[in-house]
Amino acid sequence: MNATDIAADIDVRGPRFGAAVTTAVLSLVLITSSFWLLAWQALCFALGAVAGVQRSPYGWLFRTALRPRLGPAVERESPRPPRFAQGVGLAFALVGLAGYGWGPQWLGLAATACALTAAFLNAAFAYCLGCEMYLLLRRGLPGRG
């Protein structure tokens, strides 16, 4: 890890806050079967995956409304695993959108439930499934250590 990696590290509370908001949004999607609410969440996932979790709508909300009231970060992490996790969430949201939009509806429900489970685990227990997938894949690639 070099100095630029350390400077780019993010407050671990940010992705966890985003996971809590995502849990609420995906719970509402399951209750309402709302295509448009899932489309919003897919957009949030896409922004988190492409621009980084700190630049997603929930990251912006954390940075502007919550973090100033919490004080300085005690723990920081690389943004790469949470960013990968946002891509995994995006994949599930897109499958969910296909199910809700074109059928079968059970596909939308199942994909949304999978994304909700992962978001809940992160929000409630600080266990990020997508981050763990990233680390496992990184360890499994030849030439990586």
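Let me start at one loop: Ala126 sits between H6 and helix H7 (129-140). Helices here are DSSP runs of H or I with at least four residues, strands are E runs of at least two, and both are numbered from the N terminus. Ala126 is not a glycine, yet its phi is positive, at about 55°. Its relative accessible area is 49%, so Ala126 counts as partly exposed. The cut-offs: buried is under 20% relative accessible area, exposed is over 50%, and partly exposed is in between, with a 1.4 Å probe and protein chains only.

Some ground rules. This is a predicted model, where local features need pLDDT of at least 70, side-chain atom pairs count only at pLDDT 80 or more, and totals for chains, interfaces and linings use all residues. Residues are numbered from 1 along each chain as its sequence is written, and side-chain values use heavy atoms, with hydrogens and water left out.

Now the overall layout. The protein chain has seven helices and two strands. Their order from the N terminus is α-β-α-α-α-β-α-α-α. The C-alpha trace spans about 50 × 45 × 25 Å along its principal axes.

What share of the 145 residues is buried? The figure is 34%. Next, contacts, meaning heavy atoms within 4.5 Å. Take those with a separation of 6 or more: residues 24 or more positions apart account for 71% of them.

On to the core. A nonpolar core is a set of buried Ala, Val, Leu, Ile, Met, Phe, Trp, Tyr and Cys residues joined through side-chain atoms within 4.5 Å. The largest one has eleven residues, among them Leu26, Leu38, Phe45, Tyr100 and Leu116. Which helix gives the most? That is H5, with four residues.

Look at Ala42, also in that core. Setting aside residues up to four places away in sequence, Ala42 touches Leu90, Ala93 and Leu97.

Stay on H5 for Gln86. Buried or exposed? Gln86 has a relative accessible area of 18%, so it is buried. Beyond its neighbours within four places in sequence, Gln86 contacts Cys44, Phe45, Gly48, Ala49 and Val53.

Helix H2 holds Gly18. Gly18 is buried, at 10% relative accessible area. Between Gly18 and Ala124 there are 12 Å in space, C-alpha to C-alpha, and the two are 106 residues apart in sequence.

Back to the loops, and to backbone angles. Between H2 and H3 lies Ser33. Its phi is near 55°, again positive in a residue other than glycine. Ser33 has 26% relative accessibility, so it counts as partly exposed. Then the loop between H5 and H6, which holds Pro104. Where is the cis peptide bond? It runs from Gly103 to Pro104, with omega near -5°.

Last, the surface and the charges. The accessible surface comes to about 8,300 Å², and 68% of it belongs to carbon and sulfur atoms. Areas come from the Shrake-Rupley method with a 1.4 Å probe; for residues, only the protein chains shown count as cover. There are 12 positive and 6 negative side chains, and the centres of the two sets lie 6 Å apart. Lys and Arg count as positive, Asp and Glu as negative; His and the chain ends are not counted. Each charge is placed at NZ of Lys, CZ of Arg, CG of Asp or CD of Glu.
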